[in-house]
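Good morning, everyone. Let's walk through one structure together. Please look at the screen.

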Amino acid sequence: MTTATESSASRFLPNPKTVAIVGCPFRGGQSKEGVDHGPIHLVQAGLPEQLAGLGWNVHFDSHHQFEEIDEKDDPPIGKMKNPRLVSRVCEAVASTVGDHAKQGRLPLTLGGDHSLAMGTISGTLRRYPDACVIWVDAHADINTSETTDSGNIHGMPVSFLLGLGPKIAQFDWVRPILQAHRLVYIGLRDVDVGEKRILKENGIKAFSMHEVDKWGIGRIVEMALDHVNPKRDLPIHLSFDVDALDPTVAPSTGTPVRGGLTFREGHYICEAVYETGCLVALDIMEVNPSLGTNEEAVKQTVAVGCSLARSALGNLPPCL
Ligand SMILES: NC(=[NH2+])NCCC[C@H](N)C(=O)O
Ligand SMILES: [Mn+2]
Ligand SMILES: [Mn+2]
C-alpha cells in the first residue's frame, strides 16, 4: 500500500512539501482582454483546497499586485508592445518565484499570459542554476524583437531566456540565462518561420504534434526527459500553456490551434514529470475566462487548468 507521503517523494523539496501559488493577473504580453482573470478563476474554482487535499502545504495570500505603466509612457520598442511593462512585471515575478524556491517551496504560477515565464524561469534558475525546462505549448514562444510579426511579447519569452536576439536595455535583468540543451518542447504545431530557423540554429529539441502522433505520449515524455534530464537528477521547471491542449479540451484561451493534445495526453505529461521527483516549479498559463463560446467552455478550461496542476503535484490516477 502506497501512502500519500511515500508517493510524494521529491528529490529537491523538503518534507512536508509546500506549494506557493503565485497568481499573476497580467495580460500585457498580448492584446486580448480577459487573460488577467485566469488566475482569479483558477483560485476561485478551488485550486488551493484541491492541492491541500493532495497533502501539500499551500501558501497563498493574494494575487500578485503589479505596477501599472501608462500606455503613452510605454511606446513599442521596434515591434515589441508594452516592453517596459512586461519587463518590470516579469522582473517582479522572477524575484517572487526565486524567493519561494529559495525558501524550499514549489512555486506554482498561474497566468496570465505566457510572457510571465520570462520571470518564472528566471526565478527558478536563481535557486536551481542547472534546472531544465519542459515547455508544453502549441507555440514555441521564441520570436525575437526582430522576428516577431505580432509584437506580442507572450510569443517571445524563450528568446529572452536563452539570450537570443538583439540586446534590449530594458530586459537586461534577465539572468542567468537558460542553455539551449536544457530546454525541450512538447505539443508544437503553430511555429512561425523565423522561430523555425531559431530552433534549428540553436539545436533546440522540439516534439511537435506530429511526433506525439507518431510515438505516443509515453515515449515522447521519455525522449523529452532523456534529452534535458538524462539521469533524472536535474530540477525541472514545467511551463504549461493550456493552448497545447486541443481547443475542444481547453477552448478559453487567446491563441487556440486545432490538432492539440488530448485531455489525457496533457495530464500524462504532468503525471510523468511528477513521477520523476524532480519538479521544482510549475506554470499554468493562458487561461482566458473571457473567451470561449459559452459559460460551459470557460468552466471546462478553468477545470482543466486545475486538474493539470493537480496531476503535476501528485494526483496520479486512482489505481497507481
Ligand atoms: N503564449 C502564446 N499563446 N503565444 C502565441 C504566440 C503566437 C505567435 N507566434 C506570436 O509570436 O505572436
Ligand atoms: Mn501557446
Ligand atoms: Mn505559450
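Which residues of helix α4 are buried? Here they are: P83, L85, V86, S87, V89, C90, V93, A94, V97, G98, H100 and A101. Buried means that 20 or more other C-beta atoms lie within 10 Å of a residue's own; with 12 or fewer it is exposed, in between partly exposed, and C-beta atoms are placed from the backbone.

Some ground rules. This is a predicted model: local features need pLDDT of at least 70, side-chain atom pairs count only at pLDDT 80 or more, and totals for chains, interfaces and linings use all residues. Residues are numbered from 1 along each chain as its sequence is written, while chains are lettered from A and ligands numbered from 1 in the order in which they are written. Helices (H or I, at least four residues) and strands (E, at least two) are DSSP runs, numbered from the N terminus.

Back to α4. What covers its buried residues? The cover includes β1, β3, α5 and β8. Contact here means C-beta atoms, placed from the backbone, within 7 Å. Helix α4 has 20 residues, 83–102, so at 1.5 Å a residue it should span 28 Å; its end C-alpha atoms are 28 Å apart, which agrees. The expected span is 1.5 Å times one less than the number of residues. Just after α4, G104 takes a positive phi of about 85°.

Now the sheet. It is open, with 8 strands in the order β2-β1-β3-β8-β7-β4-β5-β6, and the pairing is parallel. Two strands pair if DSSP finds at least two bridges between them. The edge strands, β2 (57–59) and β6 (205–208), each pair on one side only. Strands β1 and β2 share 3 bridges. In β2, H59 is the bridge partner of A20.

N82 sits in the loop between β2 and α4. Its phi is near 50°, positive in a residue other than glycine. N82 is buried, with 23 other C-beta atoms within 10 Å. E286, in the loop between β8 and α11, also is not a glycine, yet has a positive phi of about 70°. E286 counts as buried, with 33 C-beta neighbours inside 10 Å.

Two peptide bonds are cis. From G111 to G112, omega is near 15°. From R175 to P176, omega is near -10°. G112 lies in the loop between β3 and α5; P176 lies in the loop between α6 and β5.

Last, ligand 1. Of the 15 residues around it, H114, H139, S150, H154 and G155 come nearest. Around means a C-beta atom, placed from the backbone, within 6 Å.

Conventions:
Contact = placed C-beta atoms within 7 Å.
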